[in-house]
Amino acid sequence: MTENMSGAATKFRLALIQLKVSSLKASNLSKVRTLVKEAALKGAKVVALPECYNSPYGTNYFPEYAEKIPGESTQMLSEVAKEHGIHLIGGSIPEEDAGKLYNTCTVFAPNGSMLLKYRKIHLFDIDVPGKICFRESKTLSPGNTLSTFDTPYCKVGIGICYDMRFAELAQIYSKRGCQLLVYPGAFNMTTGPAHWELLQRARAVDNQVYVATVSPARNENDSYVAWGHSSVVNPWGEVVTKAGHTETIVYADIDLNYLADIREQIPILKQKRHDLYNVQAMQD
């Protein structure tokens, strides 16, 4: 961790845990404990988990694995974040609330408190003929709020998977001061090779931010096969770290001085024509 003259941290280590998720929730949670500990021991100050870290991904699994929040899975995250003194981005789990199911990310502070609960706002409903048809809306409801949180290093914006396709969300997060966007996600073997890296690089360059994506590891036996390739892209659009498709942890040192330099060299955020166009949230 590096500090500037004012004492503010300008560089920190981010870890992405590409977890191989099984049908055994207890096993998934046990592996999360082990891998978060490993990441923290290697200097990670912010650790992120994949989409559906406690459950196989699929509309038939969501009702079976859904939990209240707080519940078993999020309680474990709270304990682990406090034990290792880190910010922990809890990928997502199927959440049950008032008879509805959501795809929900929680974030925990180094003291174990929950900083936010973000429900995926854009549901993954697609139909690519001959390749994949999937409708999250068969079982899930969309969230209706945007979510950011502060760290001693920078402000972070959260989206989940399909949210990354919507440039407006990233633009709003950037306007709110986010310098890192994190998308737990599980692109598949059709959309992954085509768009996973492309979208990350686009969001990073458009907004001059770091973008991190966290996928489950690939399991060829799953009904929904994840692409993997968790990665971090810098504000210049370069992929600075990328996993393969197996279970692993990848690390990136987020350099906020570098981000500031990019914004100074190509000052697009200062050059926007707000007299001609604007992107804004409809609610805070």
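A charge counts as sitting over a ring if NZ of Lys or CZ of Arg is within 6 Å of the ring centre and within 35 degrees of the ring normal. Keep in mind that this is a predicted model.

Q: Which residue lies over the face of Y102, and at what distance from the ring centre?
A: The cut-off to meet is 6 Å from the ring centre. The residue that meets it at Y102 is R119, and its distance from the ring centre is 3.9 Å.

Q: How many aromatic pairs does a search of the whole structure find, and what is the angle between the planes of Y57 and F62?
A: The search turns up 10 aromatic pairs. Y57 and F62 make one that is edge-to-face, with 5.5 Å centre to centre. Planes over 60 degrees apart count as edge-to-face, and for Y57 and F62 the angle is 75°.

Q: Is F166 buried, partly exposed or exposed?
A: F166 pairs edge-to-face with Y162, at 5.6 Å centre to centre and 80° between the planes. Y162 has a relative accessible area of 15%, so Y162 is buried. Buried means under 20% and exposed over 50%; F166 has 27%, so F166 is partly exposed.

Q: Which residue follows α3, and what is its phi?
A: Helix α3 covers residues 72–84 and reaches 19 Å from its first C-alpha to its last, close to the 18 Å expected. Its buried residues include M76, L77 and V80, and what covers the buried residues of α3 includes α1 and β6. After α3 comes G85, with a positive phi near 65°.

Note on methods: Residues are numbered from 1 along each chain as its sequence is written. This is a predicted model: local features need pLDDT of at least 70, side-chain atom pairs count only at pLDDT 80 or more; totals for chains, interfaces and linings use all residues. Side-chain values use heavy atoms; hydrogens and water are left out. Rings of Phe, Tyr and Trp (its six-membered ring) pair if their centres lie within 6.5 Å; planes under 30 degrees apart count as stacked, over 60 as edge-to-face and the rest as tilted. Buried means under 20% relative accessible area, exposed over 50%, partly exposed in between (1.4 Å probe, protein chains only). Helices (H or I, at least four residues) and strands (E, at least two) are DSSP runs, numbered from the N terminus. The expected span of a helix is 1.5 Å times one less than its number of residues. Contact means heavy atoms within 4.5 Å.
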